[in-house]
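Please read the following account alongside the model shown here. It moves from a helix to the ligand site and then to the backbone of several loops.

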Amino acid sequence: MNRKGFIFDLDGVIVDTAKYHFLAWKKLANQLGYEFTKEQNELFKGVSRKRCLEILLDIGNIEATKEQFDTWMVEKNIDYLEYIENLDESEILPDVPKVLQFLKENNIPIALGSASKNAQPILEKVKLLHYFDTIVDGNSVKKAKPNPEVFLLAAKQLGVKSKDCVVFEDAVAGIEAANSAKMISIGIGDKKVLHEAQFNFTDFTEISTDFIIELINR
Ligand code: B16
Ligand code: MG
């Protein structure tokens with residue numbers, strides 16, 4: 001049995017920040033004169049900020065200069081940071097602390113593997129930062145998910161082989177990244193959407209301690 005490492009995505013796995021990303025993108029779309037719906041926001045999950053803006057501008061059929069593009073990226077993030085200013089522990093998704101605590105008690109290394117450039121302040125706000133041995137986020141990688149760079153770097157920083165890492169993800173691009181890194185992929189959310197994951201759960205309330213032990217002992 002090799003030493004295992006557990007890697008968690010942030011948005012949609014630890015905390016539901018997607019609704020705040022939505023509000024900020026919607027504000028920008030409205031400002032540019034068109035609507036942006038919750039359904040369209042689904043396309044943005046797990047996707048880098050830059051790629052999100054490209055998709056948003058495609059939806060509105062807007063051609064932007066490099067300068068406008070960069071300004072809108074900054075504006076969106078300022079609005080997003082305002083929306084999450086008062087984020088606290090009450091927004092942690094069910095049973096996440098229980099799983100993190102169990103892993104910690106068993107000395108299992110834990111990493112964050114997120115596309116967000118705001119990951120560290122978010123973990124601080126919800127008071128979960130102390131569980132993580134390393135944070136790999138949008139600031140540390142060049143290639144966005146589905147490229148496996150974020151998870152491969154997390155494995156390296158944990159000192160664990162890729163094949164011995166377990167990844168929890170809510171986005172299709174994230175499951176694809178975990179699978180191409182040859183890690184154990186666990187989909188959190190809709191099984192139909194995340195059908196490429198090795199295991200599927202709606203949320204952490206469905207994940208038993210026995211299952212975690214089984215993953216550790218694989
Ligand atoms: P930021 P994850 C992702 O988080 C979000 O799902 C995605 O909607 C967002 O665009 C991306 O982070 C970048 O976030 O603008 O804060 O850098 O699911 O990879 O934790
Ligand atoms: Mg996510």
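Lys27 is found in helix 1. The model is a predicted one. Lys27 is partly exposed, with a relative accessible area of 39%; a residue is placed in that class when its value lies between the 20% below which residues are buried and the 50% above which they are exposed. Between Lys27 and Gly187 there are 160 residues of sequence separation, and their C-alpha atoms lie 30 Å apart in space.

Helix 1, which spans residues 18-31, also holds Phe22. Phe22 counts as buried because its relative accessibility is 9%, and the limit for that class is under 20%.

The next stop is the ligand. Which residues come nearest to ligand 1? Of the 19 residues around ligand 1, these are Asp11, Val47, Ser116, Lys117 and Asn118. By type, the shell around ligand 1 is made up of 7 charged, 6 polar and 6 nonpolar residues.

Oxygen atoms of ligand 1 have polar side-chain atoms of the protein beside them. For Ser114, a polar side-chain atom lies 2.7 Å from an oxygen atom of ligand 1. For Asp9, the distance from a polar side-chain atom to an oxygen atom of ligand 1 is 2.9 Å. In the case of Lys145, an N or O atom of the side chain is 3.2 Å from an oxygen atom of the ligand. On its own, ligand 1 has 470 Å² of accessible area, and the protein covers 99% of this. Helix 3 (49-59) and helix 4 (66-83) are the elements that give two or more residues to the shell around ligand 1. The largest pocket is the space taken by ligand 1.

Lys145 leads on to the backbone. The peptide bond that runs from Lys145 to Pro146 is cis, with omega near 15 degrees. Most peptide bonds are trans, and most residues other than glycine have a negative phi. Pro146 itself is found in the loop that connects strand 3 (134-136) with helix 7 (149-158).

Two loop residues have a positive phi. One is Asn61, which is not a glycine and has phi near 55 degrees. Asn61 is found in the loop between helix 3 and helix 4, and Asn61 counts as exposed because its relative accessibility is 71%, where the class requires over 50%. The other is Lys127, with a positive phi of about 60 degrees although it is not a glycine. The loop between helix 6 (119-125) and strand 3 is where Lys127 is found. Lys127 is exposed too, since its relative accessible area is 53%.

A further loop is the one between helix 5 (96-105) and strand 2 (110-113), which is the place of Asn107. Is Asn107 buried or exposed? At 65% relative accessibility, Asn107 counts as exposed. Asn107 and Arg3 are 104 residues apart along the sequence, with a C-alpha to C-alpha distance of 9.9 Å.

How values were computed. Residues are numbered from 1 along each chain as its sequence is written. Chains are lettered from A and ligands numbered from 1 in the order in which they are written. This is a predicted model: local features need pLDDT of at least 70, side-chain atom pairs count only at pLDDT 80 or more; totals for chains, interfaces and linings use all residues. Side-chain values use heavy atoms; hydrogens and water are left out. A residue is near a molecule or strand if one of its heavy atoms lies within 4 Å of it. A polar contact is a pair of N or O atoms within 3.5 Å; within protein, one must be able to donate a hydrogen and the other to accept it, and residues adjacent in sequence count only if both atoms are side-chain atoms. Accessible areas come from the Shrake-Rupley method with a 1.4 Å probe; for residues, only the protein chains shown count as cover. On a 1 Å grid over the protein atoms alone, a cavity is a set of points where a 1.4 Å probe fits but cannot get out, and a pocket is an open set with protein on both sides within 12 Å along at least five of seven lines; lining residues have an atom within 4 Å of a point. A molecule sits in a cavity or pocket if more than half of its atoms lie within 2 Å of its grid points. Helices (H or I, at least four residues) and strands (E, at least two) are DSSP runs, numbered from the N terminus. Ala, Val, Leu, Ile, Met, Phe, Trp, Tyr, Cys and Pro count as nonpolar, Asp, Glu, Lys and Arg as charged, and the others, Gly among them, as polar. Buried means under 20% relative accessible area, exposed over 50%, partly exposed in between (1.4 Å probe, protein chains only).
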